[in-house]
Amino acid sequence: MSLKYAQSGPGNAAEYLVSGTPYVTRSAATEVTTTTPLKHTFPFVTRFFNIQNIGANPLRIGFTANGVSATETANYIVLDSGTTSSITYEIKTKDLYFLGEGGTTGFEIMAGFTSIAPKQFPLLTGSNGFEGVG
């Protein structure tokens with residue numbers, strides 16, 4: 001009889017059926033610049049996350065550095081500034097990238113975690129896994 005139990009992974013539906021373990025973090029109001037994407041890595045894979053823009057300028061949010069830096073296509077969402085400007089997604093991810101639009105800005109994140117370790121989550125990229133690319 002083996003004493004090695006299977007680990008939970010990103011495809012385990014049970015991880016997303018229960019409430020997430022709470023997590024909150026906040027940047028400085030001017031920490032996100034317009035030139036270099038800021039990467040935020042979560043300690044566990046998320047079940048959901050809510051982001052509020054706490055700065056004076058719009059905030060780009062994406063899943064890769066190239067995504068938020070895109071110029072030809074928009075591979076990000078934009079969250080306007082203001083106290084009521086927030087967005088919630090029930091998305092599993094291990095990283096988020098931020099970039100200011102028109103000036104520096106900041107963010108506040110409230111998330112719910114699964115018990116899935118980030119190393120078990122796949123690398124997100126537009127070219128990974130497509131035939132002839134990557």
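Modeller: The protein chain has two helices and eight strands, in the order α-β-β-β-β-α-β-β-β-β along the sequence. Helices (H or I, at least four residues) and strands (E, at least two) are DSSP runs, numbered from the N terminus. The model is predicted, so local features need pLDDT of at least 70 and side-chain atom pairs count only at pLDDT 80 or more, while totals for chains, interfaces and linings use all residues. Residues are numbered from 1 along each chain as its sequence is written, and side-chain values use heavy atoms, with hydrogens and water left out.

Of the 134 residues in the protein chain, 38% are buried; buried means under 20% relative accessible area, exposed over 50%, and partly exposed in between (1.4 Å probe, protein chains only).

The largest nonpolar core has 14 residues. Such a core is a set of buried Ala, Val, Leu, Ile, Met, Phe, Trp, Tyr and Cys residues joined through side-chain atoms within 4.5 Å. Strands S3 (46–53), S4 (59–62), S7 (95–100) and S8 (107–113) each give two or more residues to this core, and the largest share, four residues, comes from S8. Ile-51 and Phe-98 have the most contacts inside the core. Leaving aside neighbours within four places in sequence, Ile-51 is in contact with Phe-98 itself, and its other partners include Leu-59, Ile-61, Leu-79, Leu-96, Phe-107 and Ile-109.

S4 and S5 are joined over three bridges, and Ile-61 has Ile-77 in S5 as its bridge partner. Ile-61 is also among the residues that Ile-51 contacts.

The rings are the other part of the picture. The whole structure holds six aromatic pairs. Rings of Phe, Tyr and Trp (its six-membered ring) pair if their centres lie within 6.5 Å; planes under 30 degrees apart count as stacked, over 60 as edge-to-face and the rest as tilted. Tyr-23 and Phe-42 are edge-to-face, 5.8 Å centre to centre with 75° between the planes. Tyr-23 lies in strand S1 (residues 21–26) and Phe-42 in the loop between S2 (38–41) and S3, 19 residues apart. Tyr-23 is buried at a relative accessible area of 18%, and Phe-42 is buried at 1%. Phe-42 also pairs with Phe-113: the ring centres are 5.9 Å apart and the planes at 70°, so this pair is edge-to-face too. Because Phe-42 is in the loop between S2 and S3 and Phe-113 is in S8, this pair ties together parts 71 residues apart in sequence. Phe-113 is buried, as is Phe-42. Through ring pairs, Tyr-23, Phe-42, Phe-44 and Phe-113 are linked into a cluster.

Note on methods
Contact = heavy atoms within 4.5 Å. Pairing = 2+ DSSP bridges.
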